[in-house]
Every structure is written in C-alpha cells, then in structure tokens.
Amino acid sequence: MAEKWKIEGDYFESCNCDTVCACLIQNPPPRGRCDAALAFHVNQGSYGQTGLGGLNAVLVVSFPGPGKMGDGNWTAALYVDDKASTDQQEGLSNIFSGQAGGPMQLVSGLISNFLGIKTAPIAFTVDANNRRLTIPDVLEIDIEALTGRDGSEPLWVTNANHPVSPKLSLAKSNAYRYTDHNLAWDVSNTNGHFAPFSWQN
C-alpha cells in the first residue's frame with residue numbers, strides 16, 4: 001500500500017522563456033526549446049510517519065522542441081536536500097519524481113529521459129518579492145516578482161494550467177544558471193513564477 005503524504009510550502013521556477021511563459025497559454029516556447037527549474041521548499045508535511053518540514057527539492061527539465069511542453073519528450077533531473085535523512089530523502093524523491101502520485105505524477109508522464117536523483121546542499125530563500133535557490137557549482141536561480149501599479153504587490157495569473165498551482169505570480173529572473181548531466185545554460189531577464197503550494201495524495 002502506498003504511503004499517505006501531505007505537504008505544503010513555497011514554490012518558484014525560472015525558465016528561458018519570455019514573460020509570460022508560453023506554457024500558460026499552451027504555446028510553443030518562443031526560443032524553440034525550454035530549460036526550466038522547479039524549486040520547492042516544504043514548510044510542513046509528512047510522508048507516512050516521516051516529517052518533511054524544512055527540506056528542499058528541485059526538478060530541472062529540458063525540452064528540446066519542436067512543439068509544446070505538453071507534447072512531452074523532456075529530459076529531467078531531480079535534486080533532494082542533503083540535510084534529509086534516508087527516510088526523508090525517500091519521501092522527497094517519491095513525491096517530487098511523481099512516483100507517489102499527486103501533481104508531479106502528471107509531470108513525470110512528460111519525461112522521456114530521467115537522469116536520476118542526486119542529494120545536494122540546496123539553499124532556498126524567500127525575501128518579500130524575491131526568491132533565490134542555489135546548489136553550489138550546479139544551479140543558481142534568482143527571481144523577482146513583477147509588480148503592479150502600487151509597486152509592491154505582484155501581478156498574479158489565475159486559472160493557470162500549471163501542475164503546481166492555478167495561481168502564480170509573474171516574475172523575471174535576475175540570474176538563472178545550470179550545469180550538470182552534460183546540460184548547461186546561463187540566462188537572465190527571462191521568465192519566473194512563484195506561489196504557495198499545498199498537496200496531498
């Protein structure tokens with residue numbers, strides 16, 4: 001019998017698309033491909049009897065095109081927090097790879113080349129309208145919300161066709177760099193989103 005689980009926390013992403021991300025309106029990526037990182041911080045929750053609060057995970061995906069992201073043919077790699085115990089790493093891996101069901105199960109169906117799971121020191125920071133994540137020598141993401149006329153409240157997209165949340169802030173990247181698994185990119189001033197998330201199976 002599959003473990004029951006429930007988690008909630010903070011999510012953000014960056015990709016090489018222009019703002020607004022083509023995926024939200026079911027269009028092909030404007031640069032012909034999409035290289036994205038989906039970052040998660042679990043504020044509270046558990047996998048079976050194992051607590052997962054305070055831990056992080058990141059799924060990095062690369063879609064070579066042509067076509068839309070929903071067509072599949074993604075390459076992906078998952079990173080889970082090296083602060084986690086063996087049981088916690090198992091929980092994070094199963095949830096964020098989609099093996100445990102939930103929203104990431106849909107995402108996993110789009111992956112044709114899964115590069116595996118690594119443990120890594122993942123630093124995840126939330127500071128007002130900024131989100132930042134680093135894995136030393138592997139990944140850096142730094143995004144900032146696009147704000148409305150008051151200059152402080154983020155612009156939000158609602159009713160979004162997105163696996164993490166139907167409501168996402170609009171944001172742009174100040175930095176987005178990745179190098180691992182024979183993949184590499186370094187882009188900025190491209191798309192970002194953030195949102196709280198709450199999932200369970």
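Author: Before we look at any strand, here is one definition: two strands are said to pair if DSSP finds at least two bridges between them. Please keep in mind as well that this is a predicted model.

Reader: With that in hand, how many bridges join β4 to strand β5, and in which sense do the two strands run?

Author: Six bridges join β4 to β5, which covers residues 74–81, and the two strands run antiparallel. On its other pairing, β4 meets strand β2, residues 34–47, again in the antiparallel sense and over eight bridges.

Reader: Is strand β4 largely enclosed or open, and why?

Author: The general idea is that in a regular strand the side chains alternate between the two faces of the sheet. For β4, residues 56–63, eight of the eight residues are buried, so the strand is largely enclosed by the rest of the structure. Taking the faces in turn, N56, V58, V60 and S62 lie on one side, while A57, L59, V61 and F63 lie on the other, and all of them are buried.

Reader: N56 is in that list; which residue's side chain does N56 join in a polar contact?

Author: The side chain of N56 is joined to that of D81 by a polar contact of 3.0 Å. D81 is found in strand β5, and at 0% relative accessibility D81 counts as buried. If you set aside the neighbours within four places in sequence, D81 is in contact with G54, L55, N56, Q89, L92, A120 and I122.

Reader: Turning to the nonpolar residues, how many residues does the largest nonpolar core have, and which have the most contacts inside it?

Author: The largest nonpolar core has 33 residues, and those with the most contacts inside it are I7, F40, I95, F96 and W199. The elements that each give two or more residues to this core are β1 (5–15), β2, β4, β5, α1 (86–97), α2 (103–108) and β14 (191–200), and the largest share, six residues, comes from β2. For a view from one member, take F96, which, leaving aside neighbours within four places in sequence, is in contact with I7, F40, V42, A57, L78, M104 and W199. There is also a second, separate core of 22 residues, and V60, I141, I143 and F194 are among its members.

Reader: What about charged residues: how many salt bridges does the structure hold?

Author: The general idea is that side chains of opposite charge can pair when their charged atoms come close. This structure holds seven salt bridges. One of them is formed by K118 with D180, where the closest N and O atoms are 3.0 Å apart. That pair links distant parts of the chain, with K118 in strand β6 (residues 111–120) and D180 in strand β12 (residues 171–180), 62 residues apart. K118 counts as partly exposed, at 34% relative accessibility, whereas D180, at 16%, counts as buried.

Reader: Finally, how many disulfides does a search of the whole structure find?

Author: A disulfide is a covalent bond between the sulfur atoms of two cysteines. The search of the whole structure finds zero disulfides, and the cut-off to hold in mind is that the two sulfur atoms must be within 2.5 Å. The cysteine sulfur closest to that of C17 belongs to C15 and is 3.9 Å away, which is too far for a bond. For C34, the closest cysteine sulfur is in C17, at 4.1 Å, again too far for a bond. Both residues are shielded from the surface in the sense used here, as C17 is buried at 1% relative accessibility and C34 is buried with a relative accessible area of 2%.

Terms used:
Residues are numbered from 1 along each chain as its sequence is written. This is a predicted model: local features need pLDDT of at least 70, side-chain atom pairs count only at pLDDT 80 or more; totals for chains, interfaces and linings use all residues. Side-chain values use heavy atoms; hydrogens and water are left out. Buried means under 20% relative accessible area, exposed over 50%, partly exposed in between (1.4 Å probe, protein chains only). Helices (H or I, at least four residues) and strands (E, at least two) are DSSP runs, numbered from the N terminus. A salt bridge is a side-chain nitrogen of Lys or Arg within 4 Å of a carboxyl oxygen of Asp or Glu. A polar contact is a pair of N or O atoms within 3.5 Å; within protein, one must be able to donate a hydrogen and the other to accept it, and residues adjacent in sequence count only if both atoms are side-chain atoms. Contact means heavy atoms within 4.5 Å. A nonpolar core is a set of buried Ala, Val, Leu, Ile, Met, Phe, Trp, Tyr and Cys residues joined through side-chain atoms within 4.5 Å.
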